[in-house]
2 protein chains.
Amino acid sequence: MANIQQVASLAGVSVATVSRVVNGQLTVSPKTRIKVEQAIKKLNYEPSMLGRNLRTSESRILLVLIPTISNPFYLEIIRGIEDIAISQDYNILLCQTDSNPERENTYFNLVRKKMADGIISMDPAVNIETLVSLSENHAIIQCSEYTIDSGIPFVTIDNEGASFRAVKHLIKLGHNKIALINTDEKYLYARQRQMGYQKALEEHGISINQDYIFHTKQIGLEYGQQAMKKILNLEKRPTAVFAVSDLLAIGALKEINSLGLKVPNDIALVGFDQIDFSNMTNPTLTTIAQPMYKMGTLAAKMLINKIKGEKVESIILDHELVIREST
Amino acid sequence: MANIQQVASLAGVSVATVSRVVNGQLTVSPKTRIKVEQAIKKLNYEPSMLGRNLRTSESRILLVLIPTISNPFYLEIIRGIEDIAISQDYNILLCQTDSNPERENTYFNLVRKKMADGIISMDPAVNIETLVSLSENHAIIQCSEYTIDSGIPFVTIDNEGASFRAVKHLIKLGHNKIALINTDEKYLYARQRQMGYQKALEEHGISINQDYIFHTKQIGLEYGQQAMKKILNLEKRPTAVFAVSDLLAIGALKEINSLGLKVPNDIALVGFDQIDFSNMTNPTLTTIAQPMYKMGTLAAKMLINKIKGEKVESIILDHELVIREST
DNA sequence: AGCAAAAATGTAATCGATTACATTTACATG
DNA sequence: CATGTAAATGTAATCGATTACATTTTTGCT
């Protein structure tokens, strides 16, 4: 592995000139440029990012914090982040925290130790105090899950509005016994989606039955299944279920199907996120679509601007209700 | 952000001593150790990996090349890689090539430019010539998809044997019109799985019908659906289908279901990979289970050993046939 | 040709750590 | 108390680039 010195001496120029050629600066005469390029080719020289990174005090790496990669909701967001990152010569370090504070801290350390230039956090379970204090010295953006008045810019959707719309859709179909499969209320999105659910019911004069509201520990197929099991055991069985995630809804659907009940005739079902699989179930799932790819690109752009020291505004994106066979 | 010099001068020692304290070397007297630790705390010092990385000529980053993150098959493998990597102070850069050679080259450049210490390639579509030539100067492991006689160590399963077993299972159930949904034969795993399919048929005196063999461009739900559409239009409709990926099988199942046919009575179905969703479908999917997590941990260990300059042997892991409702 | 301005190139400091080697300090022993 | 050895600490080179500033070369013009 050749270094810049060797290229310089082979080409008979100084390291500064080699550096200029490598970085495409125009103040190099065509003759020397060619000499240098030949030397580079001959030595198979590749500039080391290690040297450059130390000198420029940047790592060109972005941290992306997600709870788990196994929720397909994140896939398109990540794709969006990645496309922008690569186009601007950044790379992304995908970090699954698995709601493990220790693991989270390992990742935070990367930014403290300058191994990463900034963070996009999508983890609802993130330690927000640490995140805020990190944000004093480092570029940080929240994506999807956010924190009000934290000073950390975010990009998200109107969770309450989306949820309101989903439940209203069920009400319009004639349902008034509507269950909610929610996650832990310590997460903002969970509270917001529950608020949307409640507002929709209230607006139509349906009283809120606490027995119809279920909380899962996490998002996952099996959690949806378990929650549905409980719902089906209720005395006054609901005729519709709104799950705050497609994964929960698909788990719920599994449970309904395996008991021989029919969706939507016996029970209607609405999910959230429009993951690919939501269109493969039998029946296909009515769900809320979020502009995931766009969310990712925006988050990445915001982060890169923040790294550059620019001011960054938070963004709330539109959502859409996708009506399919399950309602 | 303090650096090591500032810590040294505040503690009244040399940078060497600070470095020793930071790296936990034992040749520092308790008194000075305490002085240094106090200075570190007071200045909120975090050692910069940029400096260290340049000095030690390593990035402590491992590249993980996958075709796309949207196949859940990779999830557990990645988890395995990640766990080992983190335990050894490495981080992983997850790279989706999307079968895009340009993107792939961007990632290869990271290792050329010393931004990454090694590569675990799981991409069947990887440019193997480039990979082999890179492997002369860099640590590389192939995982799942591999290349015979390339000199690149790999960890994988016996694809032909697994496929053989899956098809034999169908034959034992009485099927003799068995279709195969395969991917492009340019991939080794595709050829191996097809070979297993053919051998199983031959062993039972069932002649191979080329009309029953379908090739999809990629792995994906919609590709499985399309292939199944063709299968259902065959004159002599098969009574069983073996898909070389659960994603393909789930897509196929969707198509079967939406035509009102019943699995397994009208058509039996076997997948490959045992992804989580394969247990959520109606009916649940018979499939081949690979030890994905283990595969990931092994790949990571092999790569790290390779980086250290040790000799590394390839590994072939066991698989399992998981019989569920679809057969 | 002579000269000022512009263009090209070079010199050397710098980023922040690690570490071989040199030097100093502490301690035990006769 | 002198001395040898071990322990602790310091000095300074080094990793491989970038870049401000200095210097040299080229260009254009009279």
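UniProt positions are given in the numbering used here, with feature names shortened, and annotations may be inferred rather than shown by experiment. The unreviewed UniProt entry annotates residues 2-56 of chain A as "domain: HTH lacI-type". The model is predicted, so that local features need pLDDT of at least 70 and side-chain atom pairs count only at pLDDT 80 or more, while totals for chains, interfaces and linings use all residues. Residues are numbered from 1 along each chain as its sequence is written, chains are lettered from A and ligands numbered from 1 in the order written, and side-chain values use heavy atoms, without hydrogens and water.

Residues 2-56 of chain A are 69% helix and 0% strand, and their end C-alpha atoms lie 21 Å apart. Helices (H or I, at least four residues) and strands (E, at least two) are DSSP runs, numbered from the N terminus.

A residue is near a strand if one of its heavy atoms lies within 4 Å of it. DNA strand D is surrounded by 27 residues, the closest being A:Ile4, A:Ser19, A:Ser48, A:Arg55 and B:Arg20. Of the atoms of DNA strand D that come within 4 Å of the protein, sugar and phosphate make up 57%.

For B:Arg20, a polar side-chain atom lies 2.6 Å from a base oxygen of DNA strand D.

Note on methods. Polar contact = N/O pair within 3.5 Å; in protein donor to acceptor, adjacent residues only side chain to side chain.
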